[in-house]
Amino acid sequence: NRSGSVEHPLCSQLSYPPSNCNEELVTWIDEGLVCDGYKDCEGGEDECNTCSRGAFSSDERIIRSTVILGVSILLVGMIMAANLYNLATIDYSGDQVPHLRVDRFLKVQLICHDLAMGVYILVILGADLRYYGTYCKSDMEWRSGSLCQMLGVLFSVSSHGSLLTVLLMSVTRAYKCVRSFDDGIPPRTIHITSAILVILNVMNATIPLIKHSFIQNIFRTLFTISHQNPFIKNYTEVSNIQKIHSILVSSDTTDLYAQLEELRNTTNTPEIFDYVELSLYSWSPVCIPDMFSSKGPGPMFVYKAIGIAVICAILLVISIAYIIIVKEIIASQRRIANGDQGSGVTGK
C-alpha cells in the first residue's frame, strides 16, 4: 500500500512467482501508521522495533531488565512468605484492650494489601513468561485486555490501601502515645473510618474503567479505529467518529460506544468500525498509570494533581505522627531513667 508522501518499509514477506522463486516483495505503509496500536502488517511488524515501551519493557519482554526481573522474583517471594507468616503468628490475646484490638485489626488489613501486591507481581511475572521473546506483537492485546485492567485496579487498591492503613495505624498510635491513660480511639470509630476509606479506595481504582464516553474522555490514553475504514483519515481522533455518525445516522446519541454500535448497523462490513482503546491502566505493559505526566491542563491533569496532593498530605500526616511517637518514646525513656536515679540509695 503506497499512499501518502512519507512511507516506511515495514511489512515484508516472501512470495514465490514462477519466474523468480527467491524474489522478496516489500509492502510499504505510511510513517504515521507506525506504532499507533493497529497492526497494518499481518505479522505486526509495524508495531515493533521502533515503538516506545516505557521504562520497564521492550519489544521482546514485559520486564526487559534482568536485574529488575530478579529483584521482582525475590521481592514477591519475600512479600508472600513474610506476610503469610505474619498472618499466622498474629497475637490474638488482649481482646479486652481497645487499642490492642485496633492495632491487630489494622495489621491484618495491611497484610491483606501486601498480599494483594504480591499477587499483582506474580501475574506480571507470568505474563512476562507468556509473551517472552515476541511481546511487541501482542502489546495492544495485552494492554487493552481485561486482565491488564484488573491488574491495574489491584495495584491501585493495594498500594493506596497500604498507605491509608499506615495512616490510620500511625494516627492511632500517636494518639495513644499522647494520651497514654486513655483507651485510645474506639475500635468502632476505626472500623467505620477504615470501611469508608476502603470504599473510596475501590471507587478511585475502578472509576477509570467505567465504559462511558464522559469517563473515558478523561482517562483514555489511546484510541485507534480500523485502518480499513474509508470514511476516516485520522484514525486516532475520536471526534471523527462523531462527525461520521452525524452524517450516516439520524440519531441524537452522544455516547461514543453507542455511536460505534449504530455505525456498525449501517454497513455490511461492520469490522471497519473495530477499534482499540487503552485506559489509564494501559499506559504501560506492567498495567500501572503514569501519574507524573499529562498533555496539559484538563480533567486528567486535575485528577493527577489531586491524587499527588492527597498522597503528599497523607505522607505528611504519617511523618508528623511518627515524629510525635518517637518524641514520646524518648521522653518516656528519660522519665524512666530519671526515676531510677531518683530512687537510688547512696551511702556506705
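View 1. Isoleucine 196 counts as partly exposed, at 46% relative accessibility (buried is under 20% relative accessible area, exposed over 50%, partly exposed in between; 1.4 Å probe, protein chains only). The model is predicted: local features need pLDDT of at least 70, side-chain atom pairs count only at pLDDT 80 or more, and totals for chains, interfaces and linings use all residues. Residues are numbered from 1 along each chain as its sequence is written, and side-chain values use heavy atoms, with hydrogens and water left out. Isoleucine 196 sits in helix 5 (residues 187–206). Helices (H or I, at least four residues) and strands (E, at least two) are DSSP runs, numbered from the N terminus.

View 2. Val238, Asn240, Ile241, Ile244 and His245 are the buried residues of helix 7 (residues 238–248). They lie on the same side of the helix because they cover an arc of only 150 degrees around the axis (taken from the directions from the helix axis to the C-beta atoms). These buried residues pack against strand 3 (222–225) and helix 8 (256–264); contact means heavy atoms within 4.5 Å. The face turned away carries the exposed residues Lys243, Ser246 and Ile247.

**View 3. Salt bridges within helices.** The structure holds seven salt bridges (a side-chain nitrogen of Lys or Arg within 4 Å of a carboxyl oxygen of Asp or Glu). In helix 3 (residues 139–144), aspartate 139 and arginine 143 are four residues apart, about one turn. Their side chains meet at 3.0 Å, N to O. Both are buried. In helix 2 (residues 98–130), aspartate 103 and lysine 107 are also four residues apart. Their closest N and O atoms are 3.6 Å apart. Aspartate 103 is buried at 15%; lysine 107 is partly exposed at 39%.

**View 4. A salt bridge between distant parts of the chain.** Lysine 211 and glutamate 277 meet in a salt bridge of 2.9 Å, N to O. Lysine 211 is in the loop between helix 5 and helix 6 (213–219), and glutamate 277 is in strand 4 (residues 275–278), 66 residues apart. Lysine 211 is exposed at 52% relative accessibility. Glutamate 277 is buried, with a relative accessible area of 9%.
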